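Here is a brief report on one protein model. Look over the sequence and the structure first, then read on.

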Amino acid sequence: MHRSHITLGHINIYFYSLCILMGAILALIVIMKEVKKNKIDKDKFYDLAFYTLIFGILGARIYYVIFNMDYYINHIEEIFEIWNGGLAIHGGIIAGLITIYIFTKKNNMKFLKILDIIVPGLILAQGVGRWGNFFNGEAFGPVVSYSFLKKTLVPSFIIKGMKIYGYYHMPTFLYESVWDILGFIIMIILRKKKHKEGFLTGFYLSYYSLGRFFIELLRTDSLRLGIIKVACLMSLIMFAIGIILMTKKRKD
């Protein structure tokens, strides 16, 4: 499959990587504004952001490879080729949470408070990063007609990009990108009001998982455990955790 990129000399710069990088930069800008507002040590947070990004990407890749082991066992050399796609957000979330938990414990920081600061930027990064799937021709839905895409007001350049393997496909990457960016806007509004620690994190987990569950049902390239779509299972678990975080009463 063709993967969109630009060439500078002998170097190929893939749009997939650029979208992830752009999402990370925008997330960091949003997060650091809140860090400043809360008068938290910026240097510590830059360290946290660095470790979380590195281990988050590693976790996302390891998660993807594990659930595609039948392929990678015969293509070992491709395991490290992340520019070709293959980063599973749930793996990144798990690895990121572990990294943040360890870092906050070592630096005497409140885990849930730090998560509340991070999650609005995270969902924005996810919304931007989904466009990397578009440029790589992945994260698509079932075959649909050209007229269907036109009727749903999908821009022409996206319709063109959704012609994969000779057929037009539903742009599920776009649905998730819009859902995530809408979630970012809602969370920015929500955090203007005072909430208990963990509320925004709970909202993120439940909101993102709700949308991801139904969008994943449409995707045709999902990671699976037998007939079960892994992302749907993870979404149900994350949704439940999110509801608990939002509704659990604070202990005095």
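## Cysteines

Cys232 is buried, because its relative accessible area of 8% falls under the 20% cut-off. Cys19 is buried too, with a relative accessible area of 10%. The structure, a predicted model, holds 0 disulfides.

## Asn133

Asn133 sits in helix α5, which covers residues 111–136. Its relative accessibility is 8%, so Asn133 counts as buried.

Which residues does Asn133 touch, leaving out those up to four places away in sequence? The contacts are Tyr16, Glu138, Ala139 and Phe173.

## Fold and dimensions

The protein has 10 helices and 6 strands. Contacts between residues at least 6 apart in sequence were examined for range: 73% of them join residues at least 24 apart.

For 252 residues, a compact globule would have a radius of gyration near 18 Å. The protein has 19 Å, which agrees. Along the principal axes, the C-alpha atoms fill a box of roughly 60 × 40 × 35 Å.

## Burial and surface

Of the 252 residues, 44% count as buried. The accessible surface of the protein comes to about 14,300 Å². Carbon and sulfur atoms account for 68% of that surface.

## Charges

The protein carries 30 positive and 16 negative charges. How many Å apart are the mean positions of the positive and negative charges? They are 10 Å apart.

Notes: Residues are numbered from 1 along each chain as its sequence is written. This is a predicted model: local features need pLDDT of at least 70, side-chain atom pairs count only at pLDDT 80 or more; totals for chains, interfaces and linings use all residues. Side-chain values use heavy atoms; hydrogens and water are left out. Helices (H or I, at least four residues) and strands (E, at least two) are DSSP runs, numbered from the N terminus. Buried means under 20% relative accessible area, exposed over 50%, partly exposed in between (1.4 Å probe, protein chains only). Contact means heavy atoms within 4.5 Å. A disulfide is a pair of cysteine sulfur atoms within 2.5 Å. The radius of gyration is taken over C-alpha atoms; the globule rule is 2.2 Å times the number of residues to the power 0.38. Accessible areas come from the Shrake-Rupley method with a 1.4 Å probe; for residues, only the protein chains shown count as cover. Lys and Arg count as positive and Asp and Glu as negative; His and the chain ends are not counted. The place of a charge is taken as NZ of Lys, CZ of Arg, CG of Asp or CD of Glu.
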